[in-house]
Amino acid sequence: MIPYERRIGNVALLILILGIQQANGQDECEAANHNILDDRRSVNDPGFLPPDGKRYCDRMDAQNKNTSPDWKGPGWYRFEGKATFMPMKTPGAGRCGTGHTGWLPGRNTHPFKKYETKDVTYAWHWGDNEFYQQTNGGKVTDCGDFYVYYLPEPPDCDYRYCGTPTRPECNSYKVLNVYRSINDPGFIEPNKVRYCDKVDYFKQSPDWEGPGWYRFEGEGATEMPTSSPGPQRCATGHTGWVRTDSLPGEYESKSVTICFAWGPNDCYQSVTGKVSNCKDFFVYYLPRTPGCDYRYCGTT
């Protein structure tokens, strides 16, 4: 039998772990703890919604019964349907079934770590002013496969929170464009440099800023290869490529294995990353590489 003191200690540890998980955002990710917004919230929906030409409002005291059908008052919400995220770029006024459109300004408003929560400020676009008014007290939590948003009561009517199909990382990424092509040699003349995707290393790639979301741009490298380019390409020794049977569909994301080719081995070492389809391009979550000289490569 487990001693009483040990049992009490295990229970206390479990309570502490559950408390940390809830404090870090796991609680609001549970379906019972957030509401759903899915009633014509897309930035592609007009300001006046057919068939009755209404402009809705995210307030329970809205005049003329124009309270949004899916609005339950201030609280945690998940966007579903045609709009699954809040836009990080203004949609303009008079969209998503309202006049004053609610959006989430800033490149770093969405966390990219599961159960991480960020405090945010929402903006309201009206007329020519994309910051006509602002609302503090918002929050965003990464729930792994989706985001939830804490939405305070808007300033007035007709103010409404809008959604978009565009993933947050499609508007918040860094660029890789320095000797990334698999057609570039392993050594860069005149000093035969081999770069490395590792911070604070003397051969650190000029375009590498540490783990995060990246887009490949530049000549000969607009996406990562899905077959091994072999070693000693793209200004490095161990060449990084994506091993996957398929890439995600439009505005979808998936976890992938990123292999590093060296010698006769196409997957000498590997890390787990992500790839997201941004409709016109891909972005990649690239973690820390196993060492030097390891580098993420691109192709067309």
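Is F131 buried, partly exposed or exposed? In this predicted model, local features need pLDDT of at least 70 and side-chain atom pairs count only at pLDDT 80 or more, while totals for chains, interfaces and linings use all residues. Residues are numbered from 1 along each chain as its sequence is written, and side-chain values use heavy atoms, with hydrogens and water left out.

F131 is partly exposed, with a relative accessible area of 35%, whereas W103 is buried at 4% (buried is under 20%, exposed over 50%, partly exposed in between, for a 1.4 Å probe and protein chains only).

A search of the whole structure finds 18 aromatic pairs (rings of Phe, Tyr and Trp, the last by its six-membered ring, with centres within 6.5 Å; planes under 30 degrees apart are stacked, over 60 edge-to-face, the rest tilted). The rings of W103 and F131 form a tilted pair, with centres 5.3 Å apart and planes at 50 degrees. W103 lies in strand β3 and F131 in strand β5 (residues 129–142), so the pair ties together parts that are 28 residues apart in sequence (strands are DSSP runs of E, at least two residues, numbered from the N terminus). The rings of Y173 and F281, with centres 5.7 Å apart and planes at 65 degrees, are edge-to-face; both residues are buried.

Strand β3 (residues 100–103) also runs parallel to β7, joined to it by three bridges (two strands pair if DSSP finds at least two bridges between them). Among these contacts, G102 has Y161 of β7 as its bridge partner. Y161 also belongs to one aromatic cluster with W71, Y77, Y122, W124 and Y159.

Conventions
Helix = DSSP H or I, 4+ residues; strand = E, 2+ residues; numbered from the N terminus.
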